[in-house]
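Here are a few exercises to work through with the model open in your viewer. Try each task before you read the solution.

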Amino acid sequence: MTRINITGKCFDEERALYHLQNGDVSDCVFAGPADGESVLKESMDVRIKNCRFSLRYPLWHVKGFVMEQSAMDEKTRAAIWYAENGTITDSVLGGIKAVRECSDIRLERCRVDSQEFGWKSRDITLIDTDIVSEYLFMDSRDVKLQGVKMKGKYSFQYMENLEIEDCELDTKDAFWHSRNVTVKNSVVKGEYLGWFSENLTLIDCKIVGTQPLCYCKNLKLVNCTMEDADLAFEYSDVDADIKGHILSVKNPRSGRITADSVGEIIRGDAVMECSGEVVLRTETHMRAG
């Protein structure tokens, strides 16, 4: 099938390229006084290169798309919804609610500033991407992050099947009510990290912030460090190996926490039976001797 080539045009009307199929769109601008919405809605097999978007809802219900070297500004509210099988590279996404209820979407070498990014989506991959998002990936599943720098607040809540590697996460209430999350070789900074999570595993990570990892089920930490971590692990079922110091540990429900040193181990005032062990590594060595 012959591909349609659209180059160097400016569009501002409603549904300007509605249901475009097998099309290459390059060096185009989607902006103007008509302020039209849904410029590429219901499109299929489209390639977008070096385009600028400044209109609402540009890529809804799109199946099969590639976007590269392009930018969506803050006026592209709800830019990519109900889309599937898309790749976005070397681009900027700046509108609120940029990706929602999408599947099989890959972002690489992008910059994202979107307050509610990636909600209710699946099979999403971010690689070498910087992202600012207050509520990141709410209620999504099958997500992978590699080489990502993110800044947000209420991140990765109600998620399932999440893999994070070589990332820097500056967040707050991350991973609340999440299931099946693995974080490797990353810095995770956040207050009240990981509460109510299930099957959360952190490997070779630095964990920073107050009251982390409480009310967790099947929590595992392997070769991690902790900074400013007080009142940690309350009511959690945990198997943790911590290098260095923990400010304080409070009422772990079950399992074992091994660390080089702990400032305070708090027992009592618990609302449930708590039998979790806290073991200093020097004690472990003494027992082995």
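**Exercise 1.** Work out whether Glu198 is buried, partly exposed or exposed, then find its salt-bridge partner.

*Solution.* Start with the classes: buried is under 20% relative accessible area, exposed is over 50%, and partly exposed is in between (1.4 Å probe, protein chains only). Glu198 comes out at 29%, so it's partly exposed. Next, look for a salt bridge, meaning a side-chain nitrogen of Lys or Arg within 4 Å of a carboxyl oxygen of Asp or Glu. Glu198 has one with Arg179, at 3.8 Å from N to O. Glu198 sits in strand β26 (residues 198-203) and Arg179 in strand β24 (residues 179-184), so the pair ties together parts 19 residues apart in sequence. Strands here are DSSP runs of E with at least two residues, and helices are runs of H or I with at least four, numbered from the N terminus. Arg179 is partly exposed as well, at 38%.

Two notes on the ground rules: this is a predicted model, where local features need pLDDT of at least 70, side-chain atom pairs count only at pLDDT 80 or more, and totals for chains, interfaces and linings use all residues. Residues are numbered from 1 along each chain as its sequence is written, and side-chain values use heavy atoms, leaving out hydrogens and water.

**Exercise 2.** Find the salt-bridge partners of Glu108 and say how accessible each residue is.

*Solution.* First, Glu108 meets Arg106 at 3.3 Å, N to O. Second, Glu108 also bridges to Arg109, with the closest N and O atoms 3.3 Å apart. Now the accessibility: Glu108 is buried at 18%, while Arg106 is partly exposed at 34% and Arg109 is partly exposed at 41%. Overall, the structure holds 22 salt bridges.

**Exercise 3.** Give the strand order of the open sheet of three strands and name its edges.

*Solution.* The order is β7-β10-β13, with parallel pairing. Pairing takes at least two DSSP bridges between two strands. The edges are β7 (59-60) and β13 (99-100), each pairing on one side only. Strand β10 (residues 80-81) joins β13 over two bridges, and Trp81 has Arg100 as its bridge partner in β13.

**Exercise 4.** Which residues does Leu213 touch, leaving out those up to four places away in sequence?

*Solution.* The list includes Leu193, Trp195, Leu202, Met226 and Phe233.

Key. Contact = heavy atoms within 4.5 Å.
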